[in-house]
Amino acid sequence: MDFVPSSSLPPDHFLSQPRPDSLNPVFPGFVDTTTLAAHDFDVDNRSGFMPPQEPLGRLPAQWEPWEEVLDVAITDRLQLGENVSQSENERAKSSRWRTRVRELPMLSTTELKESEVVLRRSHVVLAWIMHFYIRTIPPGDRISIPPSLTIPLLQVSNHLQLPPVLTYSDDVLYNWKYKTSPKDIPDIHDLQCRTLFTGTKDEEEFYLSSARIELRGVEALSLMRSTMDELFVGDDIAVKRITTYLRRLATVINDLAGLLMSVREGCDPEVFYNQIRPWFKGADSDGSSWTFEGLDREEAQGLEPPTELSGPSAGQSSLIHALDIFLGVDEYSHSNEITGAESSASTSSSSGPSFSQLSSFVPTSSSSTAKQSFLDRMRRYMPRHHRNFLNHLASSQRPLRRFVINNTGPQCDEEANALLEAYNRAVVALKEFRDKHIVIVSLYIVGPARRAASRAAKADNPDLVEEDGEGDKAELKGTGGTHLVKFLKDVRDGTKGAVVGSV
């Protein structure tokens, strides 16, 4: 049923036009009243936060030395420095490769800034090289990143307003190509990864499972847009349509949870934990110290060493943050009490910067971010246009949650209470998505970590009786540096707390 405009509006007024339905095509000439001006934020209505076209696969010839050294790391199958079973030949091969990185020419990044696409590829290449470099160093050796890598990586990162470390976007959003011929938009069934540390199908499946979630989330973004159009009008028809959209959104979120669980079909937990995960851990996750050399050189003028280096994390997915903000559960799931820190005793009493202040990456000390929500902190690791999208979404003057609360209650009619039910169904679906995330973390990190600790303990003391080990869970850290299980449960419980009761 189309909106019947007030007789006081001229026939060519945009509110006099029929309102679109997200489940139907938008007709030519439609004036989009949504507040999600997607193109301004590098969000495509066909591919969401994923680029609509295959990411650049190689830098221009001027920066070929970077591409070549990354090629060698991949083709030579460099081994983790912590791998005690590798041969002396393999250790020597890694050492020679690191020497080659140290001897790279100092390449200018000035012309890279002419293209966002080229800058993205530069960050991908340099960050992958750095993680290969750091993670092939033998345990106990000093981690020092050479100037030939430090300076261009920091320059590119500063321009992109990203940290100089691997991020979710480097591993997922910009790390794919087509298996077959290119298509108009990414095909969820026809993607493969460009770059892998191990070359295993397990690693590829781990990244692609997230890529599939991003692509399935395109419909969620479309439903958000249509809902916000309806919130702009706010009449009885709007209530009906928003109810329909929220019911559909719950289905989409359930699909996202299914795709999350499907990682089990192609990625073995032991392979992930022991062979894949160590490669992309950040300095924050294992307490290591990374020294960025060359900052006293003339080329490094204006550069500062980073003080926060989390690795890629699911918490850096803009799609999941968008769902939180749109449903209005971020006040609960992004609480400043959910920092991912070990305990309140280790945190600063001052609160971290507000969400609106996180529009760019600024290296900060741990004390200044300790009381800031981990999920808010992870926004620093997102592409800057996507951060701006989330800021814009959060600044809406017509938030969905407030609309639901204002239009439901004991005195409201059946349609209004159907709106409440649909809203709560979507919130519960998001909570259940986080339930599934906890299952995956237990399977891929908690379980393997306990088994590894048990093997190590028994190697030291063969007569040791294995204990339950439940107390160890809180000590496990994610690649983003969180105390993993407690953090995930706090976020899940916060999401559940956003369910609206009858008022």
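1. First, the ground rules. This is a predicted model, where local features need pLDDT of at least 70 and side-chain atom pairs count only at pLDDT 80 or more, while totals for chains, interfaces and linings use all residues. Residues are numbered from 1 along each chain as its sequence is written, and side-chain values use heavy atoms, with hydrogens and water left out.

2. Now the overall picture. The chain's secondary structure comes to 18 helices and four strands. (Both are DSSP runs numbered from the N terminus: helices are H or I with at least four residues, strands are E with at least two.) Of the 503 residues in the chain, 54% are buried. (Buried means under 20% relative accessible area, exposed over 50%, partly exposed in between, with a 1.4 Å probe and protein chains only.) Take the contacts between residues at least 6 apart in sequence: 78% of them join residues at least 24 apart. (A contact means heavy atoms within 4.5 Å.)

3. Have a look at helix α11, residues 318–327. How many of its residues are buried? The count is 10 of the 10, so α11 is largely enclosed by the rest of the structure. Among them are His 321 and Asp 324, along with Leu 319 and Phe 326.

4. One partner of α11 is helix α8 (residues 236–261): the two pack at an angle of about 150°, with their axes 13 Å apart. (Axes are lines fitted to C-alpha atoms, for helices over the stretch in contact, and angles run from 0 to 180 degrees between N-to-C directions.) α8 and α11 are therefore roughly antiparallel to each other. (Under 35 degrees counts as roughly parallel, over 145 as roughly antiparallel, 65 to 115 as roughly perpendicular, and the rest as oblique.)

5. Which residues make that contact? From α8 come Leu 246, Leu 249, Ile 253 and Leu 256, and from α11 come Leu 319, Leu 323, Phe 326 and Leu 327. They divide into eight nonpolar, no polar and no charged. (Ala, Val, Leu, Ile, Met, Phe, Trp, Tyr, Cys and Pro count as nonpolar; Asp, Glu, Lys and Arg as charged; the others, Gly among them, as polar.) A handy thing to remember when you read such lists: an α-helix has 3.6 residues a turn, so residues three or four places apart point the same way.

6. Next, another helix pair. The axes of α6 (residues 201–216) and α9 (residues 269–280) come within 10 Å and cross at roughly 65°. That makes α6 roughly perpendicular to α9. Asp 202, Glu 203, Phe 206 and Tyr 207 of α6 meet Val 271, Phe 272, Ile 276 and Phe 280 of α9. This contact has six nonpolar residues, no polar ones and two charged.

7. Two arginines deserve a click. Arg 121 sits in helix α3 (residues 116–135), and it is buried, with a relative accessible area of 7%. Leaving aside residues up to four places away in sequence, Arg 121 touches several others, including Glu 67, Arg 194 and Thr 195. Arg 380 lies in the loop between α14 (374–378) and α15 (384–394). Is Arg 380 buried or exposed? At 3% relative accessibility, Arg 380 counts as buried. Arg 380 and Thr 167 are 213 residues apart in sequence and 9.9 Å apart in space, C-alpha to C-alpha.

8. Last, the cysteines. Cys 193 is buried at 7% relative accessible area, and Cys 267 is buried at 2%. A search of the whole structure finds zero disulfides, a disulfide being a pair of cysteine sulfur atoms within 2.5 Å.
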